[in-house]
Amino acid sequence: MFEKVLVPTDFSKHAKKVIECVGEIPGIKQVVLLSVISRSAITRVWDPVAELKEVEARLMEEKKLIADPSIEVKVRAVSVLEGEIANAVQRVADEENASLVAMGARGKSRIQSVLLGSVSRNALRYGDTHLLIMRYKVLESGEMEKHCARVFSKVLFPTDFSQPAEVALSFLKDIKGIGELVLLNVVSTGETDEEIEENEAMAKKKIEEITAELEKSGMKVTAKVVVGHPVETIRTVAEEEDVSLIAMSSQGAIAIKKGRIGSTAYDVANSVDKPVLILRRSKIAMY
């Protein structure tokens, strides 16, 4: 599944945490640590060779954060013009044939917000490789919460029963190490109470059928059908169930053929305070 993982780093504390935790991803065999050096087009004095060597030396130090000696670690440094970092990340992911890009939700920005930083946001919007966005809460001691050992322990998977969601779930269930799956459908359509109740009843029937199939394989599943706004409901259920990860298809029924990422997946990944795994529809077709 995720045997080769690309980890972009800007040497921030968020990036360091991702590097520390990347070895906990089930099935991982190789990590590529990447630093993208960004410069302004109007920069006059710049020694790219010297800067690349300096960054590569820092990457070799970061490499020591991966404790598992069985994981092969490669370092890469590339330089791009300002604003092209996310494109460079995807280019390197393609060159390295990475099965997953894992990155922190935020980088060096001084502005603290629940929303994603610009690089993570652009990787989410324009990337074409499965994407794991890690989030860490800053504890009262000033240290960042470490929960990487349980990142796949309890996974929330929202589904709209579309074909992309069905394929993403089939891919997800084969990932080793998932302790529990919370399967969620949000009923968000219906003009009258009767229509909403009818849609809710249909959703419960569908989700029960999916749950029964998943349980045959030995997976522990909790099924939920909730009436509400998709993004808000997903955030609420993630907190109520105290999930360790939210996994979603990059596209749902509405987003098919409209872009690389649907609005629900984008808004959830951009605003929740849980790690999010975006499963790209274009890549799942390869399995």
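1. The protein chain holds nine helices and 10 strands. The model is predicted. Of the 287 residues in the chain, 47% are buried. The accessible surface is about 14,500 Å², and carbon and sulfur atoms account for 49% of that area. Contacts reach across the sequence: among those between residues at least 6 apart, 76% join residues at least 24 apart.

2. Helix α1 covers residues 13–21, and its buried residues are His14, Ala15, Lys17, Val18, Ile19 and Cys21. The cover over these residues includes strands β1 (4–8), β2 (30–39), β4 (100–104) and β5, as well as helix α2 (48–62).

3. Two loop residues deserve a look. Thr129 sits between α4 (118–126) and β5 (131–134). Its relative accessible area is 4%, so Thr129 counts as buried. Leaving aside residues up to four places away in sequence, Thr129 touches Gln90, Ala93, Asp94, Ala98, Ser99, Leu100, Val101, Arg280 and Lys283.

4. Ser99, one of those contacts, lies in the loop between α3 (85–96) and β4. Ser99 is buried too, at 12% relative accessible area.

5. The whole structure contains 16 salt bridges. One of them pairs the side chains of Glu3 and Lys29, at 3.7 Å from N to O. This pair links distant parts of the chain, 26 residues apart: Glu3 is in the segment before β1, and Lys29 is in the loop between α1 and β2. Glu3 is partly exposed, at 40% relative accessibility.

6. Lys154 and Glu241 form another salt bridge, with their closest N and O atoms 3.2 Å apart. Lys154 is in strand β6 (residues 154–158) and Glu241 is in the loop between α7 (230–240) and β9 (245–249), so the bridge ties together parts 87 residues apart in sequence. Both Lys154 and Glu241 are buried.

7. Helix α6 has a local pair. Glu200 and Lys204 are four residues apart in this helix, about one turn. Their side chains meet in a salt bridge of 3.8 Å, N to O. Glu200 is partly exposed at 21% relative accessible area, and Lys204 is partly exposed at 39%. Elsewhere, salt bridges with shared partners join Lys4, Lys74, Arg76, Arg91, Glu95 and Glu96 into one network.

8. A negative surface patch consists of Glu191, Asp193, Glu194, Glu195, Glu197 and Glu198. Glu194 belongs to helix α6, residues 193–216. With a relative accessible area of 56%, Glu194 is exposed.

Conventions:
Residues are numbered from 1 along each chain as its sequence is written. This is a predicted model: local features need pLDDT of at least 70, side-chain atom pairs count only at pLDDT 80 or more; totals for chains, interfaces and linings use all residues. Side-chain values use heavy atoms; hydrogens and water are left out. Patches are made of residues with over 30% relative accessible area and no salt bridge: like charges are joined within 9 Å, nonpolar side chains (Val, Leu, Ile, Met, Phe, Trp, Tyr) within 5 Å. Accessible areas come from the Shrake-Rupley method with a 1.4 Å probe; for residues, only the protein chains shown count as cover. A salt bridge is a side-chain nitrogen of Lys or Arg within 4 Å of a carboxyl oxygen of Asp or Glu. Lys and Arg count as positive and Asp and Glu as negative; His and the chain ends are not counted. The place of a charge is taken as NZ of Lys, CZ of Arg, CG of Asp or CD of Glu. Buried means under 20% relative accessible area, exposed over 50%, partly exposed in between (1.4 Å probe, protein chains only). Contact means heavy atoms within 4.5 Å.
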